[in-house]
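Colleague: I should like to go through this model with you, one question at a time. Please keep to what can be computed from the coordinates.

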Amino acid sequence: MAVLRIPDTGETITGDAEIRAALAGAGIDYERWSLDRVPAECSADDVLRAYAGEIDEMKQRGGYVTADVIDVTPETPNLEAMLAHFDKEHTHSEDEVRFILAGRGIFFLHIGARVYSVEVGPGDMLRVPRGTTHWFTLCEDRRIRAIRWFQDTTGWTPHYTGSGVDRGYQPLCFGPAYLGPRVATGISVDRNP
Ligand SMILES: [Fe+2]
């Protein structure tokens with residue numbers, strides 16, 4: 001489940017419908033999809049077969065021509081160098097569409113004068129329209145597995161804005177158990193059994 005934050009105001013939004021509504025107002029599609037099609041450990045081909053219906057539907061919605069599965073672990077060669085391509089504010093000439101199967105990461109979306117931090121996890125589908133200024137980072141466990149859609153794979157080159165806006169925001173992941181600000185401040189009910 002995602003956690004939506006607006007760091008400049010300190011606002012945090014949780015709940016599928018609330019996040020969906022808040023992001024829709026900014027032109028971003030957010031949906032929750034079922035994860036029960038495939039076991040956690042299965043091949044990319046198994047994933048593509050299991051989600052063939054959703055993949056085709058999304059292709060029709062957005063004019064995408066291909067989909068694949070990206071799998072990143074802490075052991076991925078040159079991981080930090082790869083992440084460095086995407087953790088600075090950029091745009092793409094095509095949509096960035098991801099359905100998260102495993103792991104967690106943060107999309108920072110810079111829309112108008114506002115920066116949204118969208119922490120995504122398993123079951124979250126996010127569609128960021130082409131031209132949206134954004135950047136992305138993984139959470140501390142350096143793990144993500146996701147289905148990606150492409151209109152044209154050559155269009156996924158980042159175009160950096162060079163604004164430096166990304167340097168003003170901490171890649172703070174709250175994790176899937178986030179329930180509200182009490183957890184974020186470390187005052188967890190677990191301390192008072
Ligand atoms: Fe991107």
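Colleague: Is R104 buried or exposed?

Modeller: This is a predicted model, in which local features need pLDDT of at least 70 and side-chain atom pairs count only at pLDDT 80 or more, while totals for chains, interfaces and linings use all residues. Residues are numbered from 1 along each chain as its sequence is written. A residue counts as buried if 20 or more other C-beta atoms lie within 10 Å of its own, as exposed if 12 or fewer do, and as partly exposed in between, with C-beta atoms placed from the backbone. Because R104, in the loop between β6 and β7, has 23 other C-beta atoms within 10 Å, R104 is buried.

Colleague: With which residues is R104 in contact, leaving aside its neighbours within four places in sequence?

Modeller: Helices (H or I, at least four residues) and strands (E, at least two) are DSSP runs numbered from the N terminus, and two residues are in contact if their C-beta atoms, placed from the backbone, lie within 7 Å. By the contact criterion, and beyond four places in sequence, the partners of R104 are E119, V120, G121, C139 and C173.

Colleague: Is R143 buried, exposed or partly exposed?

Modeller: R143 is found in the loop between β10 and β11, and its contacts beyond four places in sequence are V72, T73, A102 and G103. R143 and A102 are 41 residues apart in sequence and 7.3 Å apart in space, C-alpha to C-alpha. Because 16 other C-beta atoms lie within 10 Å, R143 is partly exposed.

Colleague: Which residue in β10 stands opposite F107?

Modeller: Strands pair if DSSP finds at least two bridges between them, and β7 (residues 105–111) pairs with β10 in the antiparallel sense over six bridges. Strand β10 (residues 133–138) is mostly covered, with five of its six residues buried. Beyond four places in sequence, the contacts of F107 include V118, L126 and H134, and the residue opposite F107 in β10 is F136.

Colleague: How many residues has the largest nonpolar core?

Modeller: A nonpolar core is a set of buried Ala, Val, Leu, Ile, Met, Phe, Trp, Tyr and Cys residues joined through C-beta atoms within 7 Å. Among the residues with the most contacts inside the largest core are A2, F107 and I147, and the elements that each supply at least two of its residues include β1 (3–6), α1 (16–24) and β8 (114–120). The number of residues in this core is 34.

Colleague: Which strands are the edge strands of the open sheet of five strands?

Modeller: The order in this sheet is β3-β9-β6-β11-β4, with antiparallel pairing. Seven bridges join β4 to β11, and V72 stands opposite I144 in β11. Each edge strand pairs on one side only, and the two are β3 (29–32) and β4 (66–72).

Colleague: Over which residues does pLDDT stay under 50?

Modeller: pLDDT is the predictor's confidence in each residue, from 0 to 100; its mean for the protein chain is 89, and 90% of the residues reach 70 or more. Where pLDDT is low, the predicted coordinates should not be read in detail. The stretch in which pLDDT stays under 50, and for which the model has five contacts beyond four places in sequence, is residues 182–193.
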